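Let's walk through this model with a few quick questions. Grab your viewer and follow along.

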Amino acid sequence: MVAVMTAIGILVFVVGLLVSIAWHELGHLSTAKLFGIRVPQYMVGFGPTIWSRKKGETEYGIKAIPFGGYIRMIGMFPPGEDGRITKRSSSPFRTMIEDAREASYEELQDGDEHRLFYTRKPWKRVIVMFAGPFMNLILAFGLFLTVNMGFGVPSTVPTIGSVSQCIVKAGEPTDTCPAGAELTPAAKVQLKQGDKVLSFDGDRIRDYDQLQADIRKSAGRTVAIVVERDGQQVTLSPTIAVNQVQKYDANDRPVKGQTVEAGFLGFTPKREVVQQTFGQSVDRMYDMAENGVRSLAALPGKIPGLWNAVVGDAPRDPDSPIGMVGAARVSGEVFSLDIPGSQRIAFFVNLLAGINLSLFLFNMLPLLPLDGGHVAGALWESVRRGVARVLRRPDPGPFDVAKLMPFAYVVASVFIGFTVLVMIADLVNPVKIS
């Protein structure tokens with residue numbers, strides 16, 4: 001049964017990924033057709049075509065490898081400086097440029113002269129190239145709202161999960177008390193499992209983060225804590241101890257292996273699945289976007305760890321990047337867990353939302369062959385033409401993005417190499433969930 005559920009989880013992930021890719025390409029397709037650009041092909045996947053159908057002037061299809069997609073637009077690049085589409089040379093760089101230019105015209109037909117991508121105004125080209133990643137952002141937003149407001153998210157709440165009996169430093173065992181250890185303030189005032197903290201030193205408690213901050217800044221003070229116990233309000237008056245507790249950074253993330261001296265009460269909070277309001281959901285999505293940008297910037301620094309995960313014996317870092325193969329494995333693992341069906345669905349929807357957010361951020365990098373590279377090229381053309389108008393100089397014409405193709409091949413090679421490394425790590429030393 002576990003194998004069956006794992007296979008179902010992987011299949012559901014692949015379907016979700018295909019939908020996300022198709023949705024991305026639909027953004028490019030719809031805006032290209034809106035601006036009169038001819039689109040001969042709309043494909044989901046890469047490699048051999050397993051199904052296709054032509055409707056109007058566009059062939060729609062699905063290819064064998066479900067890890068990408070594309071639309072083919074006529075005239076992505078302007079003709080060369082001599083006005084010709086092709087200009088052969090012994091230079092390998094010139095060959096790359098002209099091969100790319102020729103490929104963008106290979107399906108040119110009579111009447112297409114005014115339906116070329118490069119002939120559209122820069123702002124229209126920006127919209128066409130931005131529309132794909134933007135569709136992923138819209139989908140991520142909708143999926144995150146579904147999870148946060150519909151299913152809810154596991155959250156730490158200001159309710160007592162368990163009470164520590166003695167004061168020990170953060171990171172030390174808490175199941176046994178060392179000889180001579182002092183009782184925690186929580187144990188001294190008989191704080192009990194299930195008590196819900198309503199107020200701390202006169203301040204109404206809204207969430208656990210507020211309670212934790214209040215405790216940490218109250219070291220050495222005797223405070224009044226009002227808890228709800230069995231439907232009754234009970235007031236306790238512990239003296240907050242001083243202890244070495246977990247250190248957090250400016251983004252409220254724990255700093256591994258580091259402690260700080262602060263106030264200590266001595267309990268572990270309870271975790272519950274809590275439905276979020278719209279405002280809370282937006283805040284969470286903003287935080288996830290910030291984390292996504294930081295993670296994207298940190299990718300080069302993750303390469304040594306990925307390499308060690310492939311050739312070494314050390315366990316895979318849980319914070320290690322994972323690819324589509326790894327995400328599919330995680331999806332399969334979640335579906336095989338002995339947890340309620342709603343939690344499986346919520347985890348999968350959250351995973352798919354995260355992938356769509358990552359697709360948006362990654363594709364917006366201003367590098368060819370990514371969408372962001374074409375957006376940057378169109379914006380630069382707009383700037384050049386604007387400067388020329390202000391200075392009363394001749395129109396410099398369209399910016400020839402094809403000249404950047406040698407650089408694009410380098411970028412693509414780096415991306416492919418990183419993708420292969422991540423895929424191998426996902427196969428031989430995958431990230432596991434608990």
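Q: How many helices and strands does the protein chain have?
A: Keep in mind that this is a predicted model. Counting secondary-structure elements along the protein chain gives 10 strands.

Q: What radius of gyration does the protein chain have, next to that of a compact globule of 434 residues?
A: For a compact globule of 434 residues you'd expect a value near 22 Å. The C-alpha trace spans about 85 × 60 × 45 Å along its principal axes. The radius of gyration of the protein chain is 28 Å.

Q: Of the contacts between residues at least 6 apart in sequence, what share joins residues at least 24 apart?
A: Here a contact means heavy atoms within 4.5 Å. Take the pairs in the protein chain that are at least 6 apart in sequence, then keep those at least 24 apart. That share is 65%.

Q: How far apart are the centres of the positive and negative side chains?
A: The protein chain carries 45 positive side chains and 41 negative ones.

Q: Is the pair of Phe335 and Phe348 stacked or edge-to-face?
A: The structure holds eight aromatic pairs, and the one made by Phe335 and Phe348 has ring centres 6.3 Å apart. Centres within 6.5 Å make a pair, and planes over 60 degrees apart count as edge-to-face. The planes here sit at 80 degrees, so the pair is edge-to-face.

Q: Which helices does the pair of Phe335 and Phe348 tie together?
A: The two residues are 13 apart in sequence. Phe335 is buried at 11% relative accessible area, and Phe348 is buried too at 12%. Phe335 lies in residues 324–335 and Phe348 in residues 341–363, so the pair links helix 7 and helix 8.

Q: Which residues do ring pairs link into a cluster?
A: Aromatic pairs can share members, and there are eight pairs in the structure. Follow the ring pairs and you get a cluster of Phe130, Phe134 and Phe360.

Q: Is Ser164 buried or exposed?
A: Ser164 sits in the loop between strand 3 (153–163) and helix 4 (185–188). Beyond its neighbours within four places in sequence, Ser164 is in contact with Thr184, Ala187, Gly266 and Phe267. The cut-off for buried is under 20% relative accessible area. Ser164 has 18%, so the residue is buried.

Definitions and conventions
Residues are numbered from 1 along each chain as its sequence is written. This is a predicted model: local features need pLDDT of at least 70, side-chain atom pairs count only at pLDDT 80 or more; totals for chains, interfaces and linings use all residues. Side-chain values use heavy atoms; hydrogens and water are left out. Helices (H or I, at least four residues) and strands (E, at least two) are DSSP runs, numbered from the N terminus. The radius of gyration is taken over C-alpha atoms; the globule rule is 2.2 Å times the number of residues to the power 0.38. Lys and Arg count as positive and Asp and Glu as negative; His and the chain ends are not counted. The place of a charge is taken as NZ of Lys, CZ of Arg, CG of Asp or CD of Glu. Rings of Phe, Tyr and Trp (its six-membered ring) pair if their centres lie within 6.5 Å; planes under 30 degrees apart count as stacked, over 60 as edge-to-face and the rest as tilted. Buried means under 20% relative accessible area, exposed over 50%, partly exposed in between (1.4 Å probe, protein chains only).
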